[in-house]
Amino acid sequence: MVGAVTHMRCDALSLDLDETLIDYSVSSPRALEAIGAHGSDLPRWYEVSARADRDLDRGLLPVEQYERERIRRFHEACHRRTLSASELDELVARRRGAVLASVRLFPDAVRFLDTVTALGLRCVAVSNSFTALREDIVRHLGLATYFSHITYCGDGTHRKPAKEAFSRGLAALAGAEAVVHIGDEYEADVIGAGNAGLRSVHVDRSGGGCAHAGACVASLDVSLERHAHGVLVRFGTGPVLTVDERNLPYSHLPPPGTVNTPSPKGAPAMSSAPADAAVYRGGDPIAEVVRSGFTESFHRGSVAVTDSAGTLIARVGDAVSPVFPRSAIKPVLAVAMLRAGWKPAGDAELAVAAASHRGEPAHVERVERILADAGLDGDALRCPPDFPMDPAAARAIVAAGGEARRVYMTCSGKHAAMLATCVANGWDTATYMEPGHPLQKLATSVIEELTGETVAATGVDGCGVPVLAVGLTGLALAMSRLVEASEGTEERAVADAMRAHPHLVEGTDQTDARAMRAVPGLLVKFGAEGLHLLAAPGAGAVAVKVDDGASRASMPVALDAFITRGHLTVPESAKEAVEKLIRPEIRGGGRQVGHLRTLL
């Protein structure tokens, strides 16, 4: 009965984990492959697992032997051979690694958790699994930050649907009078919640509909509606949670009478609310600086890791609320200009259009070529005059008696390409930076298309053009779309040009260029205030925001997250170079005395 409207008071939430929030659809077959089996062996694996589960429940199998015993029984059933202890150890480790590399949160679960957290609803989790089997997955997915308590019922004597299974979670929600439990299993979650005196919402992801008359939903996507005393949390046309305003410690609520619906592809449910509703909440500790063996400072931030399809598979901190991407969005802007009819002379000019260059002679040459091909010169640029960021180039200009020029400014390639696009379309070149200009309207449209999000805020970037706020998950999706695009598309053209000329995208010895030279196929773009975007074909993408704006932490965190939490594979020939990017040196007295260390 998906869609049956039920109203429930709610001042706190209890949630199941497996198949309600955590999606194993990809990790299950990959974990099977890791132990030498195939997708066709899944039924046998499930049969062996069911027997092991029964032995676990009866106390016949210690939880610390559960994984080893499942693999041992599976190989005996499929291959008629007994594995040695060392073989079992290796397969257990390989299977665990495969699970962690591919397990993910359902995208609607991420949006739901971020929405209820932003509202200030307290949450606990109640799982029938064991701490030893789920804790590392929960930590890996960043789930623990959402819950004040997680009960692993397998560790105790009572499992759902017993009412006692909910007791520790309810104790952690002391003072809550209207707790709603959400889960995917009818017996464990719906019947169990009833036994504990709780209302429940059944999540049926099969799409077949529920056979019972209770509250049932096909997904966790919700919209928010302000009412007289608080907020209505609506599951589509299904059940509605009524949250009393007195139970909401945060003030970021939609005004009375308004309805806010989630934006597509992972934008927060509050993103279409008034300006004060879409707020980046900050992240978690992601890196530390160790000097002479002593930790002297930390960086906090947020990370979004997506697979090649754009699905969020790992997160740290706030991966969905809007942030200004600054110059990290330049590759998407280059796509917009190509779509508008700009025809660069070659890949080098296209690369510098997406660049935050250092003002080296090669950079300036390409910028001037873009302008000349459009019948313009440096006076047409509206970015601020500056000296090159590259010290050698700046010294040479000063030594020759030169002055700051707009063409030296780090964003001049983007500005030159914008002007060339205006010339190609007959648009006014004097006002190309105005938000209402046709070029900027097109840029907004392309950003929203490739990120799958609605722009939440518009500001002024350091170079003067509009900067548009979207979430890290959307930014990762946009980068992934560039590297996954077919040949002949504007997206692929930008990605190929940047990878063919990494020295033009930033500078000869800068981190973006070093990373793209080291790892074949890798696309990288940094932005001011601690933004970094990375993507690679077949591997997905990662987006990082360092809360204090420090760029020194963004590349190490982004690369480490892409490798350890995403699907980026580093060839042996690149490992030394990548290691230097992930663990940059801290120097003192002219020598290395420490390093920056990621905390993922």
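I take buried to mean under 20% relative accessible area, exposed over 50%, and partly exposed in between (1.4 Å probe, protein chains only).

I note that this is a predicted model, in which local features need pLDDT of at least 70 and side-chain atom pairs count only at pLDDT 80 or more, while totals for chains, interfaces and linings use all residues. Residues are numbered from 1 along each chain as its sequence is written, and side-chain values use heavy atoms, with hydrogens and water left out.

**Entry 1: aromatic pairs**

I paired rings of Phe, Tyr and Trp (its six-membered ring) if their centres lie within 6.5 Å; planes under 30 degrees apart count as stacked, over 60 as edge-to-face and the rest as tilted. My search of the whole structure returned 2 aromatic pairs. Trp45 and Phe74 are edge-to-face, at 5.4 Å centre to centre and 80 degrees between the planes. This pair links distant parts of the chain, with Trp45 in helix H2 (residues 42-57) and Phe74 in helix H3 (residues 66-79), 29 residues apart. I took helices (H or I, at least four residues) and strands (E, at least two) as DSSP runs, numbered from the N terminus. Both Trp45 and Phe74 are buried.

Phe112 and Phe235 form a tilted pair, 5.8 Å centre to centre with 35 degrees between the planes. Phe112 belongs to helix H5 (residues 107-119), and Phe235 to the loop between strand S11 (230-234) and strand S12 (240-244), 123 residues apart. Phe112 counts as buried because its relative accessible area is 0%; Phe235 is buried at 4%.

**Entry 2: charges over rings**

I required NZ of Lys or CZ of Arg within 6 Å of the ring centre and within 35 degrees of the ring normal. The charged end of Arg405 sits over the ring of Tyr408, 5.2 Å from its centre. The charged end of Lys525 sits over the ring of Phe526, at 4.3 Å from the centre.

**Entry 3: salt bridges**

I counted a side-chain nitrogen of Lys or Arg within 4 Å of a carboxyl oxygen of Asp or Glu. The count comes to 35 salt bridges. In one of them, Arg205 pairs with Asp108, the closest N and O atoms being 3.0 Å apart. Arg205 lies in the loop between strand S8 (199-203) and strand S9 (216-217), and Asp108 in helix H5, 97 residues apart. How accessible is Asp108? Its relative accessible area is 6%, so Asp108 is buried, whereas Arg205 is partly exposed at 28%.

Arg339 and Glu491 also meet in a salt bridge (2.7 Å, N to O).
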